[in-house]
Amino acid sequence: MYAVEMRGITKRFRNVVANDNVDLVVKRGEIHSLLGENGAGKSTLMNILYGMYAPTSGEIRVQGRSVTIENPLKAIELGIAMVHQHFMLIEPMTVAENVVLGYEPKKNGCFDLKKAIADVDKLARDYGLFVDAKEKVENLSVGTKQRVEILKALYRKAEILILDEPTAVLTPQEVADLFKVLRQLKESGKTILIITHKLKETLELADTVTILRKGQVITSVPVGEMDEAKLAELMVGRIVAFDAEKAAAPGEHKVVMALRGATVVKEKRAVLENVSLEIRAGEILGIAGVEGNGQTELIDVLTGLQKLHGGAVVLEGKQLPSARLTPRAMLEAGVGHIPEDRGKRGFVGGFTIAENLILGYHRRKEFDNHGLIRIKARDAFAERVAEQYDVRMDSIRDTVGSLSGGNQQKVIIGRVFAQDPKVIIAAQPTRGVDIGAIEYIHAQLLKMREAGKAILLISADLEELTKLSDEIAVLYAGHIVDKRPAKEYDEKTLGALMTGHAQGVEEKEA
Amino acid sequence: MEDMLSIITSLIAGSIRVSIPIAFAALGGTLSERSGIINMGLEGTMLIGAFFGVVGSYFTNNVWLGLLTAMLAGALCGLLHAVLTIRFKCEHVLAGVGINVLASGLTVVLLQMIWDTKGKSAEVASFSNISVPGLDQIPVLKDILGEVSPMLILLAISVVGVWFLLYRTVFGLRARVIGENPEAAGSMGINVYRTQYICVILCGILAAMGGAYMSIGDIHMFSRDMVSGRGFIALAVVIFGGWHPAGAWLGSLLFGLAQSLQYRLQSGSIPPQLVQMLPYVATIVVLIFARGSSRRAPAAEGKHYYAKGEQ
């Protein structure tokens, strides 16, 4: 018997068809991967199964029974639970309160917090998920927060567990832990559905894979019959080049930008301490590290967004006076910035593509006529850059907010690269964009490298880091704990170094 | 020395009296904001409460029925705000401003219709102080709390009640969750809208009680725009009180102190215009310091929640 059968599911949002006559069949007790690019309709389909959206048409069967799932409450009653990509947790409350929400234990009509804590502690022990029920969620690591989400599902006695992009925010070690938990849950008879666009994870974890593209099911097959290239081709609809060619850039690789003993203190704690690094022309320096170990501050220092509390920034051999360490001065000096959170710092969503393409460079003579914008020059520039960087749009007058993540990122990259920067600070350049756009962005970064630009690459994606970088520095707790040519690292050693599990680092952690 | 003591006790007694309407409104605002809905309409709701307290008392000649009328009118104000912000996704601040303007106009129109005047209502039955057994025997304290308005006792009950509701009941847990992250609450099958409706309506009732204290608790009549900014001060108190019921009361007492100091100082040599600024200056100063406090606003405050993908 099947745990879930979805037949002929169609979902329309106004004029957009997110799911087009989709069939999904999930066997009981299997791990089923729902694979597809962003916008392929995976999340929509799962939101329908979880009762968040009503399907326009189609039939759903759960454990063999035909059902209508009007809301999440109904889904929970049917034994379906969902771990959302953006955790649905209440930060200032305890783990126990978060887990029991909606099914709170009561005593004399009041909320019984003691019983909640005891119940959650027991549940966590039973499933080997180590979480302190009394701890506030805001104090937990990302991996632990995810465990709280899984506990929420188990507390509701879920038999079918949906996980939306569960590894997007995890470190390699946390991913390994998660997979262990998921296999364990499968052993105990649970059915698991994971939404992902990562091929390796599908191959490693899943029993069956269903591939979605543009709202339609391409195929549904046992994972054993698949390999990475086949999956990628089915998912994207064409053959994908995995290994970007990386030839040595010509010319002399002299140091363009450097940090000397940079220190940044926040809330009386050094978040960057005595960090020195050199970014060379024609090379990519990769920075590996778990979020919150100083990479944000590193980016901010190099782009003039963060004041230094010690040390110096050196550009083309000259130490920059602190008055020159402002975002504007850095942009004008030729330091291009691809921000880590594009929605926050990369663009203004409500502005047009043309406006966003000159943001930060709007004071240049070509765009600025004594305080008035040269509209024609701007639009001509925007048309050219959007074309050159393959931004898929109807018009340069579309708002950037209406574009897909990949195209938003292309707007940002186009803006930076078109200004012929000397240095490029690229932070998480492919976060949340799909395979096609990743391939493109990687190729563009390598092109810039060959053109002799000095590039700093910060990425949580270790595969990306090892593939593109010439040299990698590992940032842990505000220190550079290791630095070697990229060839000498594999993902496992990097993962260990990033979490402080390496010789010489452990003492600092204590 | 005796004189000094009596000045201090009367100052404290005065602070408590003046703080009552603000405290009711701030308590309501706290409840509403914890569920994620900002109620800018506290000012107008208080005015409606003040007016309908008098109306109820006037027609029934019973002050308690007057208070009940005020609470019903306040519930309707709360319902209106809830419908605007939850059902129609109106900006919370705009909806509140609308209620304030509506209240200001409506009370004047009704004043004209009932009493044929634009300024003041007729005098009506109002609450008289009751003596508190036990407290009226203790020296010094008896001058402060020996004889109090029954509404002060209602306020104390309300503070404890709101605290109990928020922190000891399942309903309160859910309301707080909604104020932080309504999507999470919705995904756990909690009825977000119903919880918010209840909180905002309760807020309306509490704010109207605050208003009613001003008309039938403190004096015996309604006069045009008599709330004069206390609803806005209450909004500030909600923040200063860290979105906690006890904090709301303490914050109100502080403003009560500023206000009764102002009355005292008016007889002095300082120009009265400057002295009258005191409570408002205190509001600004206190908010500057409250900003630095560690308590933070409910994360989803003022945001709209869309259930089931509705847009």
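**Figure 1. The six-stranded open sheet of chain A.** Six strands of chain A form an open sheet of mixed pairing in the order 18-21-22-15-23-24. Two strands pair if DSSP finds at least two bridges between them; helices (H or I, at least four residues) and strands (E, at least two) are DSSP runs, numbered from the N terminus. Strand 18 (335-338) and strand 24 (479-485) of chain A are the edge strands, each pairing on one side only. From one strand to the next, the twist averages 15 degrees. The model is predicted: local features need pLDDT of at least 70, side-chain atom pairs count only at pLDDT 80 or more, and totals for chains, interfaces and linings use all residues. Residues are numbered from 1 along each chain as its sequence is written, while chains are lettered from A and ligands numbered from 1 in the order in which they are written.

Figure 2. Four bridges join strand 18 of chain A to strand 21 (residues 423-427) of chain A in the parallel sense. A:His337 has A:Ile425 of strand 21 of chain A as its bridge partner. Helix 17 (residues 491-498) of chain A lies across strand 15 (284-288), strand 23 (471-476) and strand 24 of chain A, and runs at about 30 degrees to strand 23 of chain A. For such angles, axes are lines fitted to C-alpha atoms, for helices over the stretch in contact, and the angles run from 0 to 180 degrees between N-to-C directions. Two residues are in contact if their C-beta atoms, placed from the backbone, lie within 7 Å.

**Figure 3. The four-stranded antiparallel sheet of chain A.** An open sheet of four strands in chain A has the order 14-13-16-17, with antiparallel pairing. Strand 14 (269-280) and strand 17 of chain A stand at the edges with a single partner strand each, so one side of each is left without a neighbour in the sheet. Eight bridges connect strand 13 of chain A with strand 14 of chain A in the antiparallel sense, and A:Val255 has A:Arg280 in strand 14 of chain A as its bridge partner. Strand 13 (residues 255-266) of chain A also pairs with strand 16 (residues 310-315) of chain A, antiparallel over five bridges; here A:Met257 stands opposite A:Leu315.

**Figure 4. Two hairpins of chain A.** Strand 16 and strand 17 (residues 318-319) of chain A are antiparallel and share two bridges, with A:Val314 opposite A:Gln319. Two residues separate these strands in a hairpin, and A:Glu316 in the turn has a positive phi of about 50 degrees. A:Thr208 is bridged to A:Pro222 in strand 12 of chain A. This hairpin has two residues between its strands, and A:Lys214 takes a positive phi near 50 degrees.

**Figure 5. The boundary between the two domains of chain A.** Chain A is divided into domain 1 (2-236) and domain 2 (255-353 + 397-509), with bounds from an automatic or database domain assignment. Taken over C-alpha atoms, the domain centres are separated by 33 Å. The contact involves 10 residues of domain 1 and 11 residues of domain 2 of chain A. On the domain 1 side, helix 6 (172-187) and helix 8 (228-236) of chain A are the elements that give two or more residues. Helix 8 of chain A provides the largest share of that side, three residues.

**Figure 6. The largest nonpolar core.** Of the 239 residues in the largest nonpolar core, A:Leu49, A:Ile80, A:Ile162, A:Val474 and B:Ala208 touch the most other members. Such a core is a set of buried Ala, Val, Leu, Ile, Met, Phe, Trp, Tyr and Cys residues joined through C-beta atoms within 7 Å. A residue is buried if 20 or more other C-beta atoms lie within 10 Å of its own, exposed if 12 or fewer, and partly exposed in between, with C-beta atoms placed from the backbone. Helix 9 (residues 192-218) of chain B contributes the largest share of this core, 16 residues. Among the residues that A:Ile162 touches, not counting residues up to four places away in sequence, are A:Met46, A:Tyr50 and A:Leu193.

Figure 7. The contact takes 21 residues from chain A and 16 residues from chain B. Helix 7 (170-180) and helix 8 (182-187) of chain B each supply at least two residues of the chain B side. B:Val177 lies in helix 7 of chain B and is buried, with 29 other C-beta atoms within 10 Å. Not counting residues up to four places away in sequence, B:Val177 touches A:Ile90, A:Leu101, B:Ala184 and B:Ala185.
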